[in-house]
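Hi,

Here is the structure I promised to send over. Please have a look at it first, and then read on for my notes on what turned up.

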Amino acid sequence: MKLLSGAIAAVDHGGSLGRASALFPHAPRPFVDLSTGINPHSYPLFDLPATALSRLPEAGQLRELAEIAASAYGAPSAAHVAAAPGTQILLPRVASLVRSGKALVLGPTYAEHARAAAIAGHAVAEVSDFDALGEADLAVLVNPNNPDGRVIEKARLLDLAARLRAKSGLLVVDEAFMDVGPIEQSLAGDVGAGGIVVLRSFGKFFGLAGVRLGFALTDPLTAERLDAQLGPWAVAGPALEYGIRALSDAGWQEDMRVRLASDAKRLDALLGKCGVPISGGTSLFRYVSFNDSPSLFSALGECGVLVRHFAERLQVLRIGLPGSEAEWQRLEGALATWAARRKDAPKEFGQ
C-alpha cells in the first residue's frame, strides 16, 4: 500500500504543447501530439443552432441527453444518469458521496482520482492488489485502466461492490476508455443496486475533449444528489448538441471502433519493427514499459513527436494514435532515428 501524502497538489498530464515546447525547444513544429489517448478522428463537426450559444440550456434538452446517454452506455434509465461538464468536475463530488474515511485507488492509474479523494477529505492510498480495495470506504479503479489497459472482470467488481455496500461504502469505476474496451465488463447496467458510480467520458472516444462533457451512472437518488450539486445549466448548450447527436449515432461509433482497432494494429507493427515492446493498452493507446523508454521519449520529442511519460515511472510510456498519414510518417521517421541510434550505441560507447 502506497500512502499518497500531498495528494491535493496539481498533477502533470499529457497534452501540454507548452511544456513540450519548453522541453524540446528545437523540435520541428507542429508537434505530433500522441500523449493524450484522445481519438484523433473526432466526431464530425456541424453547424450549431444560434440558440446553443445565445440562450441558457433548456431542461428538456438535458433530459433528452440523459435518455440517449443511458441507452448508449447501457444504464437502466435516464434517472440513473447525471451529466456534467466533463468527468473531471465530478471526481471530488463523487468522492464526497461517502463520509471521510479510507480511500483506496487501484494503481498505478490516472492520478486525479487520488487528488479528488484527498480534496473530499479522505485519507488516500494507492494499492496494487485488487482484493485490498475491500478494506476501503471509497474504492476507485479505472477499467480499462489508464495507462496500461488492464481490465478487471465484472464478476469481481460486483462482488467488491456488494462488500462495500454492506458497510455503506462506495465503488467508483472510471470507464473513460470502455467505449473501446470489452463492453461485457462494464458495470453501467448494474448501477441500480446502489453503492456504485460509473464514470463515462464523452471527449476521449468522440475526440471532442474541448466540448467538456461526461456522465456519472449510478442509482437514481445518487444521480439526483449529483445533479443538485452541479446546479442548473451545468452542461453548456454546445455540449448538449454534440452529446445528443454523437451518442445517438450508433453507426459512426461502430465504424470508429473498427477504424481504431486497425490503427492500433498498425501502431503495434510499427513499434515492433523498431524494437519497442508493447506491454498493454487499448485501441486508443499503447502502453510501453522497458529500460530504454527514457531514450525513446527524448528521441521522439527531438523529432517533434510527443508521447506521454511518467515522472515516477521513467520506464513507462503511453503512445496514442497518429491522426493523419503525415503524422504516421513523422512517427515512423522518429522511431527509425531512435532505433538506428540504439543499434549504434554499443559501438559508440565501446560496450
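One thing to keep in mind throughout is that this is a predicted model.

If you zoom in on S10 and strand S11 (residues 285–289), you will find them antiparallel and joined by three bridges. Thr282 has Phe285 in S11 as its bridge partner.

Next, helix H6 (residues 154–166). Its 13 residues reach 18 Å from the first C-alpha to the last, close to the 18 Å expected at 1.5 Å a residue. Which of its residues are buried? They are Leu157, Leu160, Ala161 and Leu164. Looking down the axis of H6, these buried residues fall within an arc of 105°, so they line one face of the helix. That set of buried residues packs against three strands: S6 (138–142), S7 (170–174) and S8 (196–201). Ala155 and Ala166, on the other side of H6, are exposed. Just after the helix, Ser168 takes a positive phi of about 65°.

Finally, the interior. In soluble globular proteins, nonpolar side chains tend to be buried together. Here the largest nonpolar core has 83 residues, and those touching the most other members are Leu65, Leu133, Leu171, Phe215, Leu217, Leu247 and Leu335. Take Leu65 as a case to inspect: setting aside its neighbours within four places in sequence, Leu65 is in contact with Ala83, Leu213, Phe215, Val235, Leu240, Gly243, Ile244 and Leu247. Apart from this core lies another one, of 26 residues, including Ala84, Leu97, Ala114 and Ala118.

If you open the model yourself, you could start with the buried face of H6 and then turn to the contacts of Leu65.

Best wishes

Methods:
Residues are numbered from 1 along each chain as its sequence is written. This is a predicted model: local features need pLDDT of at least 70, side-chain atom pairs count only at pLDDT 80 or more; totals for chains, interfaces and linings use all residues. Side-chain values use heavy atoms; hydrogens and water are left out. Two strands pair if DSSP finds at least two bridges between them. Helices (H or I, at least four residues) and strands (E, at least two) are DSSP runs, numbered from the N terminus. A nonpolar core is a set of buried Ala, Val, Leu, Ile, Met, Phe, Trp, Tyr and Cys residues joined through side-chain atoms within 4.5 Å. Buried means under 20% relative accessible area, exposed over 50%, partly exposed in between (1.4 Å probe, protein chains only). Contact means heavy atoms within 4.5 Å. The expected span of a helix is 1.5 Å times one less than its number of residues. The arc is that of the directions from the helix axis to the C-beta atoms.
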